[in-house]
Amino acid sequence: MNEQQNQQSGRTALVTGAARGIGAAVARRLGRDGFAVAVLDLDETAGEPVVAEIEAAGGRALAVGVDVADEQAVEAAVARVAEELGAPAVLVNNAGIIRDNLLFKMTADDWDMVMGVHLRGAFLMSRAAQRYMAGAGWGRIVNLSSTSALGNRGQANYAAAKAGVQGFTKTLAIELGRFGVTVNAIAPGFIETEMTAATAARVGVPFEDFKAAAAGQIPVGRVGRPEDIAAMVSFFVREEASFVSGQVVYVAGGPCD
């Protein structure tokens, strides 16, 4: 076990939306970093393969089903993790959905569902987890935003939610810093996931062509991978990142305004 793993050993991390994509990569990385990992997702059974991977690598993990937009469900899930795995020291708010459409076609349900998962979910999870962190005098919250926070056609709901996550992040950093809790956000660009594959299918473009077109607009010449985001999370939750708080880092293969 290396020094970083020694530092994290005995600490528990919660990752929402962790059954697949970015969330699963983050959960696996935090497991390798020495954390016990709560794999939270809407469907508990969907998180079990990720738990099995973490345990096969010698780590500890627990799958928990939760709707992050449901206040009572969030409180129960976080309490269960604290009891079965350990008091939460790290929270990664990754759970998300998309309901893309142009404004004149977007329904109120499309708006409310996206806001509920991304913004209300981050609020409820953070409020529940910070009690344990503040009490311990140490904690890390990492929120997933997006380059769409800067504006993206057909995503008024998603863009507004992800911009809201950035303001939420900066405010929590101010409020929780004196308790030893840092709060930061990661804003991914194009990441190769099931979600981006579904977007390609919806617009009728083969996924390989969709990725190639995206890569052509990215300075480093490739699209992102879930592991790229997991690496940034790994940095934010380390001991040596304790002076980094209230930041939004665009992990997008190039500069973003």
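These legends describe close-up views of a predicted model.

**View 1. Arg 11 and Glu 239 form a salt bridge.** The closest N and O atoms of Arg 11 and Glu 239 are 2.8 Å apart. Glu 239 is partly exposed, at 26% relative accessibility. The structure holds 11 salt bridges, and the pair of Arg 11 and Glu 239 is one of them.

**View 2. Arg 80 and Glu 84 pair within helix H4.** Their side chains meet in a salt bridge, 3.1 Å from N to O. Both residues lie in H4 (residues 71-84). They are 4 residues apart, about one turn of the helix. In an α-helix there are 3.6 residues a turn, so residues three or four places apart point the same way. Arg 80 is partly exposed, with a relative accessible area of 26%. Glu 84 is partly exposed too, with a relative accessible area of 44%. Glu 44 joins Arg 80 and Glu 84 in a network of salt bridges.

**View 3. Asp 228 and Arg 222 meet through their side chains.** This salt bridge spans 3.0 Å, N to O. Asp 228 is partly exposed, with a relative accessible area of 23%. Arg 222 also counts as partly exposed, at 33% relative accessibility.

**View 4. Helix H4 has a buried side and exposed residues on the other.** Val 74, Ala 77, Val 78, Val 81 and Ala 82 are the buried residues of H4. They cover an arc of only 135° around the axis, which puts them on the same side of the helix. On the other side, Gln 72 and Glu 83 are exposed. The cover over the buried residues includes S1, strand S2 (36-41), strand S3 (61-65), strand S4 (88-93) and helix H5 (108-136). H4 has 14 residues, which at 1.5 Å a residue should span 20 Å.

View 5. At the start of H4, a side-chain oxygen of Asp 70 reaches to within 3.1 Å of the backbone nitrogen of Gln 72. Just after H4 comes Gly 86, with a positive phi of about 135°.

**View 6. Val 78 is a buried residue of helix H4.** Its relative accessible area is 1%. Beyond its neighbours within four places in sequence, Val 78 is in contact with Leu 14, Pro 88, Met 125, Ala 128, Ala 129 and Tyr 132. Ala 38 lies 40 residues away from Val 78 along the chain. The C-alpha atoms of Val 78 and Ala 38 are separated by 9.2 Å.

**View 7. Asn 184 is buried in strand S6.** The strand covers residues 181-188. Asn 184 has 1% relative accessibility. A polar atom of the Asn 184 side chain lies 3.3 Å from the backbone nitrogen of Gly 246. Leaving aside neighbours within four places in sequence, the contacts of Asn 184 include Val 244, Ser 245, Gly 246 and Gln 247. Ile 141, Val 142 and Asn 143 also touch Asn 184, as do Thr 169 and Phe 236.

How values were computed:
Residues are numbered from 1 along each chain as its sequence is written. This is a predicted model: local features need pLDDT of at least 70, side-chain atom pairs count only at pLDDT 80 or more; totals for chains, interfaces and linings use all residues. Side-chain values use heavy atoms; hydrogens and water are left out. A salt bridge is a side-chain nitrogen of Lys or Arg within 4 Å of a carboxyl oxygen of Asp or Glu. Buried means under 20% relative accessible area, exposed over 50%, partly exposed in between (1.4 Å probe, protein chains only). Helices (H or I, at least four residues) and strands (E, at least two) are DSSP runs, numbered from the N terminus. A polar contact is a pair of N or O atoms within 3.5 Å; within protein, one must be able to donate a hydrogen and the other to accept it, and residues adjacent in sequence count only if both atoms are side-chain atoms. Contact means heavy atoms within 4.5 Å. The expected span of a helix is 1.5 Å times one less than its number of residues. The arc is that of the directions from the helix axis to the C-beta atoms.
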